[in-house]
Amino acid sequence: MLIDKFGRNINYLRISVTQKCNFRCRYCMPNTPFEWVPRENLLSFEEMFSFVKVAIDKGIEKIRITGGEPLIRRDIAKFVKMISDYAPGIDLALTTNGYYLKNYAKDLAKAGLKRINMSLDSLRPERAKYIAQKGVLYNVLEGLEAALEVGLKVKLNTVVLRGINDDEICHLIEFAREKGVQIRFIEFMENTHAQNLKGVKSNEILKIIGEKYQISPLQKQATSPASLYALDDGYTFGIIDPHKHDFCASCNRLRLSAEGHLIPCLYFEDALSIKEAVRAGDIAKASEILAQVLENKPEKNRWEIGAQNEISSRAFYQTGG
Ligand code: SAM
Ligand code: SF4
């Protein structure tokens, strides 16, 4: 088991397989980054997998593949298969914008993927286009259907932006309920890349839903970032509020970036690289770095320790959210 110095069991690894994306969501990557990481600096899937094996052997039980957009990286289904063949019981999931899911859903399910989280910020084509800065809705909805058809368990994620999609909250819930999938509303997290946007706080999101539906809070799962609620008919939805106090106390994650940075906390800049170790095939060194990053994992993120004015310069497309 990987227990950090605050007694948390770190059993969840999020792997960002690429920083690149075919969308330019205004809250994440509004402009094409000035410099992409050169290709030779990216870890190959074989290199990532050699670290994944170490992490699984040490106690990682849950892996999420994310990005950027993971489906733009060639051979993504092969990477899924490497992990699921090595650890068939592992909780293996992927987060995607859904645009290419129609092409990959079948291969991903066959490779052993069980769960998908998909971003869906609007059901109005023009608005979805405004947010992603590309006409995306038709492909995204086709991707959702394809995922459901092959039996993948799907959750939808919506970042709620004031004055942009906050009037669609109930419509999105109704859509998700009709599809039989859970939706989670994510509070917008400020970062230096996303300018001139305002989020909507969780209590306001609940108020909007409460004006139309009777809502009951449900018991929160210990390590899930989402607070869950049920409508009268039993349909459950979630709200992810990173500003909330209990977010860090139950944090069970480490993050691996596409370049091989092992990141202890989304809001801390300090990370150590496993790149040289895996390129040299030095598994003992990779294991040592894992132990060091665990040691570096802070108790609380910067918002909680009072540095609210320090907005992270690391955007979600770099860390995978
Ligand atoms: N491209 C994939 C997608 O969009 O689902 C995976 C990567 S994306 C960075 C992972 C998650 O981060 C998405 O659910 C996205 O909505 C969320 N995200 C990105 N920027 C965010 C921000 N500033 N605040 C809150 N959530 C954000
Ligand atoms: Fe791309 Fe996902 Fe970021 Fe949107 S949220 S720009 S889809 S990485």
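These are my notebook entries on one predicted protein chain.

**Ground rules.** I kept in mind that this is a predicted model, where local features need pLDDT of at least 70, side-chain atom pairs count only at pLDDT 80 or more, and totals for chains, interfaces and linings use all residues. Residues are numbered from 1 along each chain as its sequence is written, chains are lettered from A and ligands numbered from 1 in the order in which they are written, and side-chain values use heavy atoms, with hydrogens and water left out.

**Overall.** I looked up the secondary structure and got 11 helices and 12 strands (DSSP runs numbered from the N terminus: helices are H or I with at least four residues, strands E with at least two). The radius of gyration, taken over C-alpha atoms, is 19 Å, close to the 20 Å from the globule rule (2.2 Å times the number of residues to the power 0.38) for 321 residues, so the chain is as compact as a globular protein of that length. Its C-alpha atoms fill a box of roughly 55 × 45 × 40 Å along the principal axes.

**Burial.** I find 57% of the 321 residues buried (under 20% relative accessible area; exposed is over 50%, partly exposed in between, with a 1.4 Å probe and protein chains only).

**Helix H4.** I then went to H4, residues 125–132, where Arg127, Ala128, Ile131 and Ala132 are buried. Down the H4 axis they fall within an arc of 125 degrees (directions from the helix axis to the C-beta atoms), so they line one face. Pro125 and Glu126 are exposed on the other side. The cover over the buried residues includes helix H5 (137–149). After H4 comes Gln133, with a positive phi near 60 degrees.

Definitions and conventions: Contact means heavy atoms within 4.5 Å.
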